[in-house]
Amino acid sequence: MEGAKIWLVVLTWIISSAQADENKTNLQNQITSLLDIVQKVVSDFDSLRQQHRELEHQYHLLSDEFRSLRFNHIPSTKSVRTDEQASQPVHPKFAHSRSAFLAPQEIALDQKGAKSDRGLQREASIPGFIENNGQKGEKGDRGPKGDAGIPGFNGDDGYDGHKGEKGDPGIKGDAGISGFNGDDGIDGPKGGKGEPGNSGIQGQKGNTGTTGPGGHKGNTGDTGPTGQKGDTGIPGPAGQKGIGAPGTVGLKGDSGTPGLAGLKGDSGTPGLAGLKGTSGIQGPIGPTGLKGQKGLKGDVCPMDAQIAFYARFYQTINAMSNEVIAFPNIGTKIGTSYERSGLFTCKVTGIYVFTWSIEVNSEHTLKTLLMVNGSERGQLIVQGSVSNGNIGSTTVVIRLSVTDRVLILQDSVSPGTILGNSSSFSGFFLHPV
């Protein structure tokens with residue numbers, strides 16, 4: 001059996017090889033046919049190029065003959081090659097045609113023509129009178145432009161120039177035609193069984209299928225078990241007391257009928273609160289209320305109670321611990337309570353509102369305090385970010401009495417902290433008490 005399998009494999013391989021050889025032979029025949037076609041095209045092109053050269057040669061000969069007839073066989077000095085020109089090398093491509101063009105002219109210059117007959121001698125004429133030379137005539141008009149001359153012959157090819165520099169890379173050409181598919185390789189041996197893959201993600205629960213058709217009526221079931229014992233009958237009347245020894249203890253009687261239901265028990269502990277329900281739809285906007293009555297006219301604020309100020313820096317300053325911050329650049333000042341040194345002195349007892357803003361440079365921290373008579377009444381901590389500075393502000397509402405002194409104090413300062421010029425200090429009198 002094993003031998004038959006081996007012969008089957010060998011036979012299959014031989015048939016595959018024969019088909020591959022046949023495909024290879026067909027491909028070689030196609031390539032040979034293409035080469036024949038290319039050689040024929042090249043041969044036709046060479047023939048056409050040779051015909052073109054012959055026609056060009058005949059054209060030059062006819063042109064030279066026409067030029068000689070037009071000028072009465074007078075050789076043109078422009079066509080005569082000098083010794084220096086004759087010594088220059090001539091491209092082999094034009095050697096034959098150039099010798100045919102220049103040969104007749106060179107012969108005409110070198111050979112001596114036949115001597116002609118002498119002309120008749122005329123009698124001497126009577127000398128004429130000598131007259132005074134006339135005046136020189138005016139310069140004549142310029143003659144018309146002559147006809148264009150016959151185009152000259154093509155000059156000799158110049159010497160080959162020096163090799164030029166390497167040109168820029170050309171544009172990438174289009175993709176070539178895909179080659180023929182190669183012969184199929186011999187099948188390799190069967191690979192071993194791979195290791196089991198990881199378990200895939202559990203798929204989603206499928207939709208509930210449609211209800212199946214009703215089943216057939218089942219067979220009659222077996223007889224059921226015996227029913228429970230019936231209820232105990234009503235007890236009979238008591239018999240007369242017998243005489244004799246006490247009898248043995250009787251068997252345990254049947255259970256009595258269940259008693260009546262007991263009273264309702266106490267309520268259990270309340271359950272956990274349920275989830276919050278969704279918000280209801282917003283109701284319509286109610287009607288506008290009636291306009292209120294005009295309030296009573298307030299008291300006139302006395303002039304000494306009109307107090308407000310706003311001040312900031314002229315430029316940045318270096319922060320220092322336990323130092324009072326002065327805000328000398330006063331933008332608003334009503335009353336005389338605020339000074340450029342940053343000190344505010346109360347002149348009217350009442351409620352005041354103070355706000356201060358602090359700007360610090362990056363990676364630095366500054367803590368400031370609002371001090372009233374040496375006691376802290378408010379604080380502000382500002383910390384700069386890693387790449388940028390930061391600015392913070394806070395507001396304090398306090399009650400002051402006459403002569404109370406208010407200022408901003410630097411409490412804790414990280415080394416190198418700089419106060420920016422956006423820092424400011426402001427306050428105003430709210431109402432008396």
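A salt bridge here is a side-chain nitrogen of Lys or Arg within 4 Å of a carboxyl oxygen of Asp or Glu. By that rule, the count comes to four salt bridges. You're looking at a predicted model, where local features need pLDDT of at least 70, side-chain atom pairs count only at pLDDT 80 or more, and totals for chains, interfaces and linings use all residues. Residues are numbered from 1 along each chain as its sequence is written, and side-chain values use heavy atoms, with hydrogens and water left out.

**View 1. Arg 49 meets Asp 46 in a salt bridge.** Their side chains come to 3.1 Å, N to O. The two sit three residues apart in helix H1, about one helical turn (helices are DSSP runs of H or I, at least four residues, and strands are runs of E, at least two, numbered from the N terminus). Arg 49 is partly exposed at 40% relative accessibility, and Asp 46 is partly exposed at 34% (buried means under 20% relative accessible area, exposed over 50%, partly exposed in between, with a 1.4 Å probe and protein chains only).

**View 2. Asp 64 and Arg 67 pair up in helix H1.** Here the salt bridge is 2.7 Å, N to O. Asp 64 counts as buried at 7% relative accessibility, and Arg 67 counts as buried at 13%.

**View 3. Lys 367 forms a salt bridge with Asp 411.** The closest N and O atoms are 3.6 Å apart. Lys 367 lies in strand S6 and Asp 411 in strand S9, so the pair ties together parts that are 44 residues apart in sequence. Lys 367 is partly exposed at 22%, and Asp 411 is partly exposed at 27%.
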